[in-house]
Amino acid sequence: MSDVHVHVRVAGEHYALPVERVLEVAELDTIAAVPGAPPEILGVRNLRGQVLPVVALAAVLGLPGGDPTRVVVVESGELHAGLRVDEVLDVEELPPRSEAVESNLLSGACMVDGELVGVLDVDAVLSSIAVR
Amino acid sequence: MTASDEEIRELVRAEAGDCLQRIEASLLALESGAGGVEEIDSILRDAHSVKGSAAMIGWEESTALAHAIEERMERGREAGSIPAELIDLLLRAADGLGRAVNGEQGVAPPLLAELTAFDAEHGGESAEASTEGEAAAPHGPVAAAPTAERSPTIRVDAAKVDRMLDAVGEAVLHHRRLEHALEAAGPGIRQASEELDLGDVLLADLQDSVVQLRTLPLSVITSPFPRAVRDLAAEQAKEASLEISGAETQLDRVILDGISETIVHLLRNAVAHGIESPEERERAGKPRLGRIELRAHQRGGMVAIEVADDGRGVAAELVSQAGEAGSLADLLATTGLSTAESVSEIAGRGVGLDAVKRSVERLGGGLEVRSEPGRGTEVTLLLPLTLALMRVLLFEWAGQAFALPMTAVGRVVAVSDTTSLGNRPAVEIEGRAVPISWLGLGAGPGEVPPRSPAVIVESLGRQMAVMCEALIGEEEVVIKSLGAILAGLDGYLGAAILGDGRIALVLDPNHLLDAPREEMALDRPADVSARSPGTVLVVDDQFSARELQRSILEVAGYRVEVARDGREALRRIGEMTELDLVVTDVQMPEMDGFELVEAIRADDVHRSLPVVLVTSLGDEASRRRGVEVGADAYVVKNEFDQEALLETIERLTAG
């Protein structure tokens with residue numbers, strides 16, 4: 001497994017997603033709200049004929065605000081979702097995880113260009129919001 | 001292990017599964033006395049073919065078991081029959097073979113030992129038979145031609161069919177977008193629109209074929225049932241037979257996967273709670289052998305699967321209580337009552353009809369129960385034909401598109417006032433309060449704009465009103481899953497992607513959300529006192545078109561009556577004391593729109609009644625014919641929007 005990650009900005013903070021879990025990056029598009037779904041699930045959108053749930057990543061991480069412009073489509077087993085982020089900054093190899101993390105949604109953290117970057121555990125993020 | 005090895009194993013398992021189903025069916029036929037030598041031959045062929053493939057891969061246990069079954073059949077063929085006592089053992093050997101093929105170890109030795117012991121017990125017979133069996137060895141080639149009479153089939157991964165259906169659905173949407181684009185570009189490209197029309201037909205054909213790929217006959221799941229009923233009855237010292245009819249009825253494979261266990265559950269119930277002991281049956285003047293029927297047939301746009309028994313039925317007091325609970329199905333499902341006084345081991349205590357009801361509802365279906373005390377019980381599962389394609393009524397709410405399955409849509413009404421039913425908002429329809437289902441988006445249930453359309457949904461004997469901002473119309477859509485993340489969310493059958501790329505959520509009529517209880521008074525000054533601008537008769541043979549026009553007109557304040565064709569319209573015109581205008585479709589059975597206009601113009605009383613023709617025939621000839629027969633206006637459905645129709649009607653009724 002390579003250590004290449006997709007580096008994104010969410011509500012002013014920096015996060016990285018393992019590239020193996022990322023299918024594509026899409027523009028924001030019209031989202032149909034799904035009444036009854038958990039609040040962090042914004043709704044569903046049409047992605048080339050497929051129905052894709054879109055998740056407010058900032059809300060999952062408990063961050064206020066943000067200025068979303070992109071959707072990062074991720075998968076974990078049969079769970080698929082688009083994570084709404086402010087910006088996709090880079091696709092890059094990460095340095096060793098040097099910082100401690102407390103959230104169970106993160107697998108670690110490191111410093112990149114002076115910024116603290118949280119490494120997201122995509123499996124944990126998706127299973128934390130799935131409606132069972 | 002290479003992938004191709006695993007693929008071969010999968011293939012052998014699948015083939016063996018087919019063979020074993022046939023073996024079991026034939027053994028049961030032999031046991032009931034219905035089968036003869038042809039059944040023995042069929043088992044022989046299947047056992048031989050399983051043996052061949054298992055030996056090729058090196059599955060020793062499977063090979064040995066298949067060989068043992070084959071051997072007994074060879075003897076049976078020589079003798080002309082299989083000893084009745086051997087059949088139960090052979091059934092278990094077939095079960096064991098099934099497990100061995102699927103990788104279970106240690107299955108064969110005990111079964112082989114039993115078979116040998118059986119031979120020893122029935123020594124004389126089998127020794128004689130086995131010498132004859134050897135002599136019959138040259139008959140071998142008969143067994144080597146097993147596949148000749150089966151129709152050729154290909155095994156396809158179900159996910160591939162789903163992807164294909166998706167792609168076809170997309171192609172249909174793309175085609176519609178192309179049609180819109182061509183229309184917008186203006187008339188004159190005759191050849192292009194002819195090609196598009198042809199494409200329409202081809203795509204519909206393609207879509208049909210792919211949907212059929214997803215459907216399978218009920219018989220693919222029924223083969224274990226006769227055996228299950230036999231075993232269950234034997235365990236309880238009862239006598240019961242299962243008769244299956246309509247097994248050729250086609251169902252979506254996803255539905256088939258979902259109902260197999262449900263049917264087994266109902267069969268268990270029938271044996272455990274329905275069918276009485278042979279002695280009790282004799283005392284009641286019934287034959288000792290209890291009769292259970294599994295029937296499948298198409299009922300409207302649904303498939304009905306009925307499990308009926310001629311047993312003791314549901315207690316009389318429960319049947320009489322059923323009226324109060326809504327239906328017998330609801331009563332039995334909510335209270336978890338069973339028809340037998342004591343819950344026996346076999347009925348899976350605690351899991352009653354409520355589980356059956358839930359699993360059927362999850363598939364978009366419903367449950368019905370009928371019972372006659374002392375005579376028997378009949379449980380009906382009503383299931384959609386396919387989960388892939390559905391006719392829906394599309395509507396807008398809070399700027400979003402939603403859909404309801406047409407099978408659940410009762411009618412559309414204009415709501416001008418909400419009342420309250422047990423503290424929940426409701427609308428009054430024909431003097432009855434119907435609760436409002438609330439989507440939790442947009443305006444609150446107490447703030448419905450006057451004369452909003454509401455779709456009355458009928459599901460499982462209950463009515464609910466779903467508020468809309470506007471009706472879009474009726475359409476056949478491909479139902480897609482909301483995704484695994486939302487799989488556990490009640491309330492939706494899935495989503496459909498519309499021609500313009502928008503998503504419409506398809507609501508589950510059995511799980512419509514209730515409007516929240518409201519503390520504030522919902523009663524608002526009634527709006528009905530507003531002067532009605534007139535009474536309109538809407539004539540259309542299509543339910544959705546009729547209801548769409550009805551709602552548009554009711555929302556605008558008109559009183560609306562409807563008729564299904566020209567003949568019914570003429571009768572209604574004769575009966576109605578007040579009528580200001582007729583809006584009619586052109587193409588209808590019995591009497592079409594042109595004939596209706598002619599008939600109205602020929603009538604002394606009604607000759608001056610304004611008539612608007614609404615039709616999809618946009619060509620000049622039809623328009624001219626409309627004017628010739630005396631229609632006052634002609635609205636083409638393509639350009640059919642609320643404004644145009646309302647303006648036309650207002651103009652014609654004002655004079």
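Is B:Arg375 buried or exposed, and what is its relative accessible area? B:Arg375 is exposed, with a relative accessible area of 57%, and in this predicted model the residue forms a salt bridge with B:Glu372, whose accessibility of 45% counts as partly exposed.

- Chain A holds 2 helices and 10 strands, and from the N terminus on its elements follow the order β-β-β-β-β-α-β-β-β-β-β-α.
- Of the 132 residues in chain A, 49% count as buried, while 52% of the contacts between residues at least 6 apart in sequence join residues at least 24 apart.
- Chain B has 21 helices and 23 strands, and buried residues make up 48% of its 655 residues.
- Within chain B, 69% of the contacts with a separation of 6 or more are accounted for by residues 24 or more positions apart.

**The interface between chain B and chain A**

- At the interface, 22 residues of chain B are in contact with 24 residues of chain A, and the two chains bury about 1,800 Å² between them, with 71% of that area on carbon and sulfur atoms.
- B:Ile485, B:Leu486 and B:Ile503 together supply 36% of the area that chain B buries against chain A, which is more than any other three residues supply.
- The count of salt bridges between chain B and chain A is 0, whereas the interface does have 5 residue pairs in polar contact, with both residues of each pair at pLDDT 80 or more.
- On the side of chain B that touches chain A, at least two residues each come from helix 8 (158-184), strand 9 (400-405), strand 17 (492-497) and strand 18 (503-507), and strand 17 gives the largest share, 3 residues.
- Sorted by class, that side of chain B has 15 nonpolar, 4 polar and 3 charged residues.

**Salt bridges**

- Over all chains the count comes to 45 salt bridges.
- In the pair formed by B:Arg375 and B:Glu372, the closest N and O atoms are 3.6 Å apart.
- B:Arg75 forms a salt bridge with B:Glu71, where the closest N and O atoms are 3.9 Å apart; both residues lie in helix 3 (residues 60-79) of chain B, 4 residues apart, or about one turn of the helix.
- B:Arg312 forms a salt bridge with B:Glu280, with the closest N and O atoms 3.7 Å apart; because B:Arg312 lies in the loop between strand 5 (302-309) and helix 14 (316-325) and B:Glu280 lies in helix 13 (residues 278-283), the pair ties together parts of chain B that are 32 residues apart in sequence.
- B:Arg312 counts as partly exposed at 22% relative accessibility, and B:Glu280 likewise counts as partly exposed, at 31%.
- Salt bridges that share partners join B:Glu24, B:Glu31, B:Asp88, B:Arg92, B:Asp95, B:Glu114, B:Arg227, B:Arg230 and B:Asp231 into one network.

**Cysteines and a buried glutamate**

- A search of the whole structure finds 0 disulfides over all chains.
- A:Cys110 counts as buried because its relative accessibility is 0%, and B:Cys468 is also buried, with a relative accessible area of 0%.
- B:Glu568 is found in helix 18 (residues 566-575) of chain B and counts as buried at 15% relative accessibility.
- Leaving aside neighbours within four places in sequence, B:Glu568 is in contact with B:Val562 and B:Ala563.

Conventions: Residues are numbered from 1 along each chain as its sequence is written. Chains are lettered from A and ligands numbered from 1 in the order in which they are written. This is a predicted model: local features need pLDDT of at least 70, side-chain atom pairs count only at pLDDT 80 or more; totals for chains, interfaces and linings use all residues. Side-chain values use heavy atoms; hydrogens and water are left out. Contact means heavy atoms within 4.5 Å. Buried area is the accessible area (1.4 Å probe) that two parts lose on being put together, summed over both. A salt bridge is a side-chain nitrogen of Lys or Arg within 4 Å of a carboxyl oxygen of Asp or Glu. A polar contact is a pair of N or O atoms within 3.5 Å; within protein, one must be able to donate a hydrogen and the other to accept it, and residues adjacent in sequence count only if both atoms are side-chain atoms. Ala, Val, Leu, Ile, Met, Phe, Trp, Tyr, Cys and Pro count as nonpolar, Asp, Glu, Lys and Arg as charged, and the others, Gly among them, as polar. A disulfide is a pair of cysteine sulfur atoms within 2.5 Å. Buried means under 20% relative accessible area, exposed over 50%, partly exposed in between (1.4 Å probe, protein chains only).
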